[in-house]
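Hi,

Here is the structure I promised to pass on to you. Please open it alongside this message, and then read on for what turned up in it.

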Amino acid sequence: MKNIWWKVLAVVIMTYVIFWGLLGPVPRQPILNESIRNVSFHVPLWFAMIILLVTSVIYSVRYLRKGRMDDDLIAVEFANTAILFGVLGCLTGAIWANFTWGDPWPNDPKLNSVAVGMLMYMAYLILRGSFDDEQRRARISAVYNIFVFAVFIPLIFILPRMTDSLHPGNGGNPAFGKYDMDNNLRMVLYPGVIGLTLIGVWITQLRVRLRRVKVAMDE
Amino acid sequence: MTESVRQMGALMRKEFLLEWRQRYALNGMLLYIVSAVFVCYLSFSARRGQLTPIVWNALFWIILLFTAINAIAKSFVQERAGRQLYYYTLASPQQIVLSKILYNTVLMLALAFLGFGVYAFVLGNPVKDVPLYLVALVLGAIGFSVSLTLVSGIASKAENPSTLMAVLSFPTILPLLLELLKISKNALDGLDRSVSWKEVGTVLAIDVIVLVLSLLLFPFLWRS
């Protein structure tokens, strides 16, 4: 029970983010209007997803270096949580896009890149399912995880910036921070990133423990 | 250094010999791309020269993508595990994967040029800047072989390699494919070449990333 402080912190931060994100003062922008509040929820989901994916890759690398099965368990669960966050990010984005761009899934390079990225990580899960031998599954899916991450990062960060996009910060558009953000919004956005990352780690920790119990029961 | 180059040469020679002795596989791939082109030609009611440039271009690259996946999928499957183990005692894994990549590049170049020839022959050739289009084909052949060789190595270890090959390679090849489509569309429209350099640079950068990853990750792959 001594390591409970960060869970308390996560709950406190998320309570603050949800209430202050919905009630706090926000900048007035044409077209965006009140929907700018979604910045506090939609954007942190993607930040948290990237952080979780980086952690997953780190554990995959660790597995390849040290060969401990536990690292593989942790890597796959971080990837699972990241996929969950990605789906939630798509959903919150679709709600937002529906009201500001007039279409829940506009033809935007960033959206399409993310959809392809989700396909890659679904393929990762399919790949894991097609092995019987545990050692083999762990090693090969770790290789694929590292490979996919190296393709995913240019796909989501570099390619959309080279074409026209509706998203801020792409296709020569200035990033969101340039003129849409103000300090009130930042005070919710950054805690949101920390809070959601902590929640993600918490979910992952629970799932990893569940897996460890299952492994122990099988033996 | 010269020793390892010589070993690479021997491995490459082995790949070509193997292909030459099993000519049905090579002929099968050549026939695959020709008949795929012909199926597309007939599906568009054999209307020569009537496809819009964007459809013409996309159709060609999709045919090439499917051919590449089929051709490269077998690069690790066709040799039995015992024989592969024997190679690994002779050469380092980096040399093996590099020789496979080089061999697949040559194969893909042959398939891409043949495919382009047949495709332009039956469906008409609206390309305004042919040299640039051929550059796009060369870049595509290199890129496909680099990224698909690692994926085929991954897929060959699993239970159903053929399905898995498609599932794993479609999303991972997509960034490359999109850039290639842009370059070849520029060539098709005969735009000034300076427009395409940025995309050419991106394709080369992706190739380098994937090549380095293949060299780093392959040693872990073959051990299982």
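Predicted model: local features only at pLDDT ≥ 70, side-chain atom pairs only at ≥ 80, totals over all residues.

**Chain A as a whole**

Of its 219 residues, 38% are buried. If you take the contacts in chain A between residues at least 6 apart in sequence, 74% of them join residues at least 24 apart.

**Two helix pairs in chain A**

The pair to look at to begin with is α2(A), residues 39–66, with α3(A), residues 69–100. Their axes lie 8 Å apart and the packing angle is about 160°, which means that α2(A) is roughly antiparallel to α3(A), the cut-off for that being 145 degrees. The crossing of these two helices is left-handed. Their contact is made up of 17 nonpolar, 9 polar and 4 charged residues.

Next come α1(A), residues 5–23, and α6(A), residues 183–218, which pack at about 135° with their axes 8 Å apart. Because of that angle, α1(A) and α6(A) are oblique to each other. Their crossing is left-handed. On the α1(A) side the contact includes W6(A), L9(A), I13(A), V17(A) and W20(A), and among the residues that α6(A) brings are V188(A), P191(A), I194(A), L198(A) and W202(A). By class, the residues of this contact divide into 14 nonpolar, 3 polar and 1 charged.

**Helix α4 of chain A**

α4(A) covers residues 109–129, 21 residues in total. From its first C-alpha to its last it reaches 30 Å, close to the 30 Å expected at 1.5 Å a residue. Its buried residues include P109(A), L111(A), V114(A), G117(A), M120(A), Y121(A), Y124(A) and L127(A). As you know, residues three or four places apart on an α-helix point the same way, because there are 3.6 residues a turn.

**Where the chains meet**

In the contact between the chains, 23 residues of chain A touch 21 residues of chain B. Which elements of chain A give two or more residues to that side? They are α4 and α5 (134–162) of chain A, and α5(A) gives the most, with 14 residues. The side of chain A that touches chain B has 20 nonpolar, 1 polar and 2 charged residues.

**Chain B**

One residue worth a visit is I206(B), which sits in α8(B), residues 197–222. Leaving aside neighbours within four places in sequence, I206(B) is in contact with P154(A), G143(B), P175(B) and L176(B). By C-alpha atoms, I206(B) is separated by 28 Å from K14(B), which is 192 residues apart from it along the chain.

Also in chain B, the axes of α3(B), residues 53–73, and α6(B), residues 130–156, come within 9 Å and cross at roughly 45°. That makes α3(B) oblique to α6(B), and the crossing is right-handed. L64(B), A68(B), I69(B), I72(B) and A73(B) of α3(B) make this contact, with G140(B), F144(B) and L148(B) among the residues on the α6(B) side. The contact residues divide into 8 nonpolar, 4 polar and no charged.

Note on methods
Residues numbered from 1 in each chain as written. Chains lettered and ligands numbered in written order. Helix = DSSP H or I, 4+ residues; strand = E, 2+ residues; numbered from the N terminus. Expected span 1.5 Å × (residues − 1). Buried ≥ 20, exposed ≤ 12 C-beta atoms within 10 Å, placed from the backbone. Axes fitted to C-alpha atoms, helices over the stretch in contact; angles between N-to-C directions. Parallel < 35°, antiparallel > 145°, perpendicular 65-115°, else oblique. Left-handed = near helix turned anticlockwise from the far one by under 90°. Nonpolar A, V, L, I, M, F, W, Y, C, P; charged D, E, K, R; others polar. Contact = placed C-beta atoms within 7 Å.
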